[in-house]
Amino acid sequence: MKLRIFTEPQQGATYDDLLTVAQATERLGFDAFFRSDHYQRIGPGDPGPGSTDAWITLAGLARETSRIRLGTLVTAATFRLPGPLAISVATVDQMSAGRVELGFGTGWFDGEHSAYGIPFPPVGERFGRFEEQLEIITGLWTADKGYSFEGRYYRLADSPALPKPAQRPRPPLIIGGIGAKRTPRLAATYADEYNVPFHTPDDTGQAFGRVREACETTGRTVRLSVAQTTVVGRDEAEVARRAAAIDQDPANLRAGGLAGTPAEVLDKLGKFAELGTETAYLQIMDLSDLEHLELIAAEVLPHLP
């Protein structure tokens, strides 16, 4: 199993904060550094310093790291038109020498849309636009020459389909969520990886099963991954301290995330591995606590299932 560090900068992080964590991620041997793509804080608390832009910061990190994979969990289809998004991701992929992955979703947080004047259509339309964007983005990346598209929501006429990403035929595409119908079909049709965020092993196994069934129809296979809020401590006092730093209860984190001693966390990762999980995204909320990453690297990473 691969471990990836996953951050939520909209909760309060500058580019310099992200750079420090990304470089620690690389130095400590983790597989990747991922970030959310949100434009404002979610939930109560001080909104400062304000959220950074996901793809601008990843472009910077592409030049200041050399090994780790870089990506989003997840970019909202409502934020950017499909053509410009394909160009942005391809550019960052070139800047990183082919280390980028695009986690992509419909968008869900209406508050950030109203705050910044971003249209937020009903859920049915969001899924319709999302599917067209999936086809357009992958089409632009893989087209041999020009590219055109005629859909309900988007029309592209004689696009040069440039620039191309460094990875061929294209960067990996990640689709997540536990929807019972549309999500499995879209993941089985377009994704390279299917991610279940913040659910128990039982719920995760059911979601994996739906995607495997959908893949039987499309004839494709996808990697399987999970995302879990993570708090690890050498003892109960350290677990409690780290949980308190992110306003969480240790018992709730143990039940709904990855929390406890390294042995406890490895045991739960083993349960996810039994379901076919190949990658785990560790959601790290306190970006100032680099000793947390060092502990995970020393006591969890070498013993993965």
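Is Arg 241 buried, exposed or partly exposed? At 47% relative accessibility, Arg 241 counts as partly exposed; here buried means under 20% relative accessible area, exposed over 50%, and partly exposed in between, with a 1.4 Å probe and protein chains only. Before you click on: this is a predicted model, where local features need pLDDT of at least 70 and side-chain atom pairs count only at pLDDT 80 or more, while totals for chains, interfaces and linings use all residues. Residues are numbered from 1 along each chain as its sequence is written, and side-chain values use heavy atoms, with hydrogens and water left out.

Helices (H or I, at least four residues) and strands (E, at least two) are DSSP runs numbered from the N terminus. Glu 238 counts as buried, at 15% relative accessibility.

Now select Arg 242. Its salt bridge to Glu 238 has the closest N and O atoms 3.2 Å apart, and these two are four residues apart in helix α8, again about one turn. Both Arg 242 and Glu 238 are buried.

Next, jump to Arg 69 and Glu 101, whose closest N and O atoms are 2.9 Å apart in another salt bridge. Arg 69 is in strand β3 (residues 69–76) and Glu 101 in strand β4 (residues 100–105), so this pair ties together parts 32 residues apart in sequence. Arg 69 is buried at 18%, and Glu 101 is buried at 2%. In total, the structure holds 17 salt bridges.

On to the rings. Phe, Tyr and Trp (its six-membered ring) pair if their centres lie within 6.5 Å; planes under 30 degrees apart are stacked, over 60 edge-to-face, the rest tilted. The count is six aromatic pairs. Pick Trp 108 and Phe 109: the centres are 5.4 Å apart and the planes at 35°, so the pair is tilted. Trp 108 is exposed at 54%, whereas Phe 109 is buried at 13%. Then highlight Tyr 39, Phe 79 and Tyr 116, a cluster linked by ring pairs.

Last stop: Arg 182 lies over the face of Phe 127, 4.1 Å from the ring centre. The rule asks for NZ of Lys or CZ of Arg within 6 Å of the ring centre and within 35 degrees of the ring normal.

Methods:
A salt bridge is a side-chain nitrogen of Lys or Arg within 4 Å of a carboxyl oxygen of Asp or Glu.
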